[in-house]
Amino acid sequence: MFWRLSEPRPNGPMAAHLFLELVDVKLSYTTLQQEVEDHPDYPSLLSISDVFSKYKVGNITASFAPGDMAKIPPPFITQVKGKDSEMEYFTVVKTINSEKVSAFDPERKKWREYPFQEFAEQTSGVVLLAEPEDDAGEIDFKDKRREERYHTFSMYALITLLIAIFATVNVQAFLQVGWVALPPIMFSVLSAAGVLTGILLMWYDLDRYNPVIQQLCKGRKHVNCDAILQSNAAHIWGVSWSTIGLSYFSGQLIFMLAQGIVSPEMQSVTGIVSLLALPYVFYSVYFQWRIAKQWCVLCLTIQAILLLQASIVIWKTDMLISNFSVSALLQFTMFGAIAFLAVVRLFPMLKKLKRTKFFKNQLKRLKYNPDVFNAVLSKQKNVHEGAAGLGIILGNPNATNKILKVCNPYCGPCAKAHPPIEDLLERNPDVQVQIIFTATNEDYDERKLPVQHLLAIAADNNEHLIKQALDDWYLAPEKNYAQFAARYPLKNELVQQEGKIKDMRDWCDKAGIAHTPTIYVNNHELPNIYDVHDLKNFLSA
């Protein structure tokens, strides 16, 4: 539950990922979620469709009468209306016939079987069908998947370590004094439950639309967490009761683990403080019952924990006064204060990170809006005339979208820009790429020889060969001209390229090329807020 709380999976990307797993397409969830959420039309079926197309998963969207859905070959993505809310969710249908449907339940996040008629009444009838190509998926899928597994492992390892520490302390207490340790062990378990519930209460304020939070606080009759947690009574002296509750239980649990579960002084201090906290239970229940006339499930859970702890203390009242220690009380106060300061400092940081992520996603969606891109591009510097026929030209000569790349054969950023441009050529038949080099014919210019060689290879008009040569040069870990020349042996053809190099250099001087790579798209320089990797969002087929 807490994994889903901290790492929520939005419905659209999750449905898309489940579908890709069924058709065995290697695309990491991290990449998929980022691509879908960055789409200008997110959340929509179009956002999923475009991302599928980008990774070579051919797809079509169609509308069917719900009663005809048994005729559609699974798997496919469709939309269904939720049972617990009126929201529409994306789901994946694994198998379907006229009697039953095996599909993913987006509200409970698990696979289940529906009677066909029930499913037909819930679905919108809009369906996305997809068929992956042989090379569909992500090139660096293994690296991305390794990162995801490491992230997941580290989270589970941390949770397991905390549980192991807690369990070890309690087991040691039981081995030390036997059944006498049962009341303090129960008390410590309730403290841990209070910490977890306090985290949920704090998270509600941080992200009340989180699917886990919504599932815990979904609006039944007279159940409305928002009415309680957003009321004036939810704060005292500017501090939320959620903050106080989490600090109280955290400080209490740390104090118990530090002192020892069966320490008489610890039991005395925690017992007295638990009894002092009882008035808050009656205040909270009375406010929800008589004033707000709404119930908060998480708040009631806290009250139940406080009552149970007080019950355990009443069971052991004989030791409250006799074992009381001022130093233990000071320690309890100190741990509570540290927990309070940690929560007060950490929570605003988490809230800021959440807000930053939200605005970042919004800005990326705006940035990747084709209308915005074209408007910003049209205001950029227009490429000078005279570039026609210069350098190396790849792709469709009649393409609507023309990319001009000005580069240096020894330029690291130029090498990094090569794969995404090559990928655009492969994915979109309506793209032409022109490569112009900044080399000169001077003998001291190290750029001259590799540029001569590449131009000579391109002169044969063998596009496959020049693409291979460009890959061998730019993707090589070390730029070694002698090795490159040995692989593509040429003689007199090199001298014939000097005129072409001069024409390219003259054009670069007139265009005022100040750095490489300089990218032009449809005669306009690529805006600074975009880089060559962003072009896949606008020029992919």
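Which domains does the domain assignment of the protein give? The domain assignment gives domain 1 (2–130), domain 2 (140–356) and domain 3 (383–537); such bounds come from an automatic or database domain assignment. The close-ups below visit places along the chain of this predicted model, in which local features need pLDDT of at least 70, side-chain atom pairs count only at pLDDT 80 or more, and totals for chains, interfaces and linings use all residues. Residues are numbered from 1 along each chain as its sequence is written, and side-chain values use heavy atoms, with hydrogens and water left out.

**Figure 1. An open sheet of 6 strands has antiparallel pairing.** Let us start with the strand order, which is E1-E6-E2-E3-E4-E5. Helices (H or I, at least four residues) and strands (E, at least two) are DSSP runs, numbered from the N terminus, and two strands pair if DSSP finds at least two bridges between them. E1 and E5 are the edge strands, each pairing on one side only. On average, neighbouring strands of this sheet are turned by 35 degrees against each other, direction ignored. E2 pairs with strand E6 (residues 123–132) in the antiparallel sense over 3 bridges, and there Thr78 stands opposite Val127 in E6. H2 packs on the sheet and touches E1, E2, strand E3 (88–96), E4, E5 and E6, its direction making about 15 degrees with that of E3. Helix H4 (residues 45–54) also packs on the sheet, where it touches E1, E2, E3 and E6, and its direction makes about 5 degrees with that of E6. Contact here means heavy atoms within 4.5 Å; axes are lines fitted to C-alpha atoms, for helices over the stretch in contact, and angles run from 0 to 180 degrees between N-to-C directions.

**Figure 2. Strands E4 and E5 form a hairpin.** Strand E4 (residues 100–105) and strand E5 (residues 110–115) pair in the antiparallel sense over 6 bridges. Look for Ser102, which stands opposite Glu113 in E5. The hairpin has 4 residues between the strands, and Lys109 takes a positive phi near 55 degrees.

Figure 3. Most residues other than glycine have a negative phi, and most peptide bonds are trans. Asp24 is not a glycine, yet has a positive phi of about 60 degrees; Asp24 sits in the loop between helix H2 (11–22) and helix H3 (29–38). Pro74 and Pro75 are joined by a cis peptide bond with omega of about 0 degrees, and Pro75 lies in the loop between strand E1 (57–63) and strand E2 (76–81). Another cis peptide bond runs from Thr516 to Pro517, with omega near -5 degrees. Pro517 belongs to the loop between helix H20 (498–511) and E12.

**Figure 4. Helix H10 packs with helix H13.** H10 (residues 241–259) and H13 (residues 297–315) meet at an angle of about 40 degrees, and their axes are 12 Å apart. That angle makes H10 oblique to H13; angles under 35 degrees count as roughly parallel, over 145 as roughly antiparallel, 65 to 115 as roughly perpendicular and the rest as oblique. On the H10 side are Tyr248, Phe249 and Gln252, which meet Ile302, Ile305, Leu306 and Gln309 in H13. By class, this contact of H10 with H13 has 5 nonpolar, 2 polar and no charged residues. In this scheme Ala, Val, Leu, Ile, Met, Phe, Trp, Tyr, Cys and Pro count as nonpolar, Asp, Glu, Lys and Arg as charged, and the others, Gly among them, as polar.

**Figure 5. Five strands form an open sheet with mixed pairing.** The order of the strands is E9-E11-E10-E12-E13. Strand E9 (392–395) and strand E13 (524–525) are the edge strands, and each pairs on one side only. Strand E12 (residues 518–521) and E13 pair in the antiparallel sense over 2 bridges, with Val521 opposite His524 in E13. Helix H16 (residues 412–427) lies across E9, strand E10 (401–407), strand E11 (431–437) and E12, and runs at about 160 degrees to E10.

**Figure 6. Helix H16 also packs with helix H18.** The angle between H16 and H18 (residues 463–474) is about 150 degrees, and their axes are 10 Å apart. The two helices are therefore roughly antiparallel to each other. Cys414, Ala415, His418, Glu422 and Leu425 in H16 meet Lys467, Leu470, Asp471 and Tyr474 in H18. The residues of this contact of H16 with H18 divide into 5 nonpolar, 1 polar and 3 charged.
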